[in-house]
Amino acid sequence: MEGLRADMHFKLALLLIACAVATCAENSPIRFEYSAVDFVLENGQTPRLHAPETMAGGVAVFDYDNDGDQDIYFANGAEMPSLVKRDPRFWNRLFANDGEAHFTDATKSSGLAGSGYATGVSVGDFDDDGDYDLFVAGVHQYTLFRNDGDGTFSDVTESAGLRATDPEHGPMWAVDSAWIDYNRDSKLDLFVVNYLAWDAETESVCDDYCHPKMYKGTPNRLYRNNGDGTFTDVSAAAGFAQHIGKGMAAAIADFDRDGDLDIFVPNDKMFNFLFLNNGSGSFREIAFDAAVALPEAGMYVSGMGSDFRDWDNDGLPDIVFVALEHETFPLFRNTGNGDFEEVTGPSGLSSLSKQMAGYAPILADFDNDGRKDLFVSCGHVQSTKQYGGVQRVNQHNAVFRTMDDGKFSALVEEAGFASQPAARHRGAAVADFDADGRLDLVVTALARPAEIWLNRSTGEHHWLELRLSMPGTEVRVESAGSSQFDHVSPSVGYASSSAVPLHFGLGNEAVVEEVEIRWPSGERRILTNIKANQTITVEEP
């Protein structure tokens, strides 16, 4: 009888805990609901554990058919070590949105299945014809897909002059990329982040995925858009070729407010790069001078994805990047004096993220209260073969809500992420998939179905979205005496892209007093008395 009573008490305790978690989720200021999409990230994992297998998973959100809905494109792996997509399960996949977050596979009709081992994807209108094109970064392969404007894409990589080889370093393994008008000629140039010098034939044998120190680094590359469908490699002249790194992301912003876009690149187990645009067609690497080369402890960390946006609404872009457990998720506040101050500790992010392994950080306002929160896709770089068991490798995603006092509050179970099994999550992108004024998420995970997280946050907070095309375009939104700032930069997180309207949460304000838009060309426009809860398109004068 005593044993039966104890068992009943134990089950009752579990039930109470489950109810508490469910109630907490219902009352959470930021809450998501899982929705499925028919895509599995096939990373081609083998018993040999080749390094590219754990770095797959980029995803892009963009309106590929110009119908006003945000569609999804997944980069996918291939067989290892051949890097060949021999089976349709390895295809990259395009899913068309019906406007209510129901997705249909449009891969075959679009021509976007791709070839080779794809890692990351970035979105931009490189030919300035009014629709979005795709650059797919991969292992020893670059692919440029031109949007033909009729729902189909053409592979124009060869004619564009983009080749994933380097005379000195051999085949390039590209992880990420970003479209950036670095010389302000109104044409989108292409910056490519290269990771490790990898060769299946000479790769070391390790107990698990090998440490980055086992591989040589490679330089990043910049391709200037010639305006005729071709690109010229200007990496050496622009100041990138001499900087050897192990890059994991490209985050873009005009951090010094001089009108030119700068580039932050987190490196894996070495110091980061911050490339300052000189305004003359070249860049200068200043990460140590700007105090972002290393976290404040001065130790190398496993730099993964990054975002480069104004987190604290002071008009200056800040930097966040993520790393593995015990390395935290470093956050650097822009001082406005040409450098940054690390605020990982004071913001609470240090203690909250210490036990997490992150891949894709996204700064966005998920509860529409006027403050950007931080989402991070979580999962370890290692497999479950040797490293600490499945629970430490597979992790739930997390969102860190920005509070009134400028500190973070971590939400995992409360946000609904624990409703799905933990996984080795990788890429992530953000968009309002169901057009309800709340930002949703799409996240990939190794060898698992992709996750769509529909925002079900409660409250009657208002919002405004601005559809702007040129990266680097800056926006100030003024409402009830407070300002918010953001800029157009589709490249976000890890190997991913969110080419979506700029989203501003407005709290209780139903009217925006003033919107100031500044294009990279120097053109400026001010809108006044804009009603909330709408998406507006603003063309450059």
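Predicted model: local features only at pLDDT ≥ 70, side-chain atom pairs only at ≥ 80, totals over all residues.
I take a disulfide to be a pair of cysteine sulfur atoms within 2.5 Å. I number residues from 1 along each chain as its sequence is written, and my side-chain values use heavy atoms, with hydrogens and water left out.

**Entry 1. Disulfide**

I searched for disulfides and found that the structure holds one. The link joins Cys-206 to Cys-210, with 2.0 Å from S to S. I computed 105° about the S-S bond, and the link of Cys-206 and Cys-210 is right-handed. For accessibility I use relative accessible area: buried is under 20%, exposed is over 50%, and partly exposed lies in between (1.4 Å probe, protein chains only). Cys-206 is partly exposed at 23%, whereas Cys-210 is buried at 13%.

**Entry 2. Salt bridges**

I next looked up charged pairs. Side chains of opposite charge can pair when their charged atoms come close. My criterion for a salt bridge is a side-chain nitrogen of Lys or Arg within 4 Å of a carboxyl oxygen of Asp or Glu. The structure holds 28 salt bridges, and I noted several individually.

- Arg-86 pairs with Glu-79, and their closest N and O atoms are 2.9 Å apart. Arg-86 is exposed at 56%, and Glu-79 is partly exposed at 26%.
- Lys-187 and Asp-185 meet through their side chains at 3.2 Å, N to O. Lys-187 is partly exposed at 26%, as Asp-185 is at 28%.
- Arg-401 forms a salt bridge with Asp-369, with the closest N and O atoms 3.8 Å apart. This pair links distant parts of the chain, 32 residues apart: Arg-401 belongs to strand β28 (residues 398-402), and Asp-369 to the loop between β26 (358-364) and β27 (373-378). Both Arg-401 and Asp-369 are buried.

I also recorded a network in which salt bridges with shared partners join Glu-33, Asp-434, Asp-436, Arg-438 and Arg-456.

Where is His-396 found? I located His-396 in the loop between α6 (390-393) and β28. For such elements I use DSSP runs numbered from the N terminus, with helices (H or I) of at least four residues and strands (E) of at least two. His-396 is partly exposed, with a relative accessible area of 27%.

I count a contact when heavy atoms lie within 4.5 Å. Leaving aside residues up to four places away in sequence, His-396 touches Cys-378, Val-412, Phe-417, Ala-418, Gln-420, Pro-421, Ala-422 and His-425. Of these, I checked Cys-378 and found it buried, at 0%. Gln-420 is 24 residues from His-396 along the chain, and their C-alpha atoms are separated by 8.0 Å. A polar atom of the His-396 side chain lies 3.3 Å from the backbone oxygen of Gln-420, and one lies 3.5 Å from the backbone oxygen of Phe-417.

**Entry 3. Sheet β22 to β25**

I then examined an open sheet of four strands in the order β22-β23-β24-β25, paired antiparallel. Two strands count as paired if DSSP finds at least two bridges between them.

Terms used:
Polar contact = N/O pair within 3.5 Å; in protein donor to acceptor, adjacent residues only side chain to side chain.
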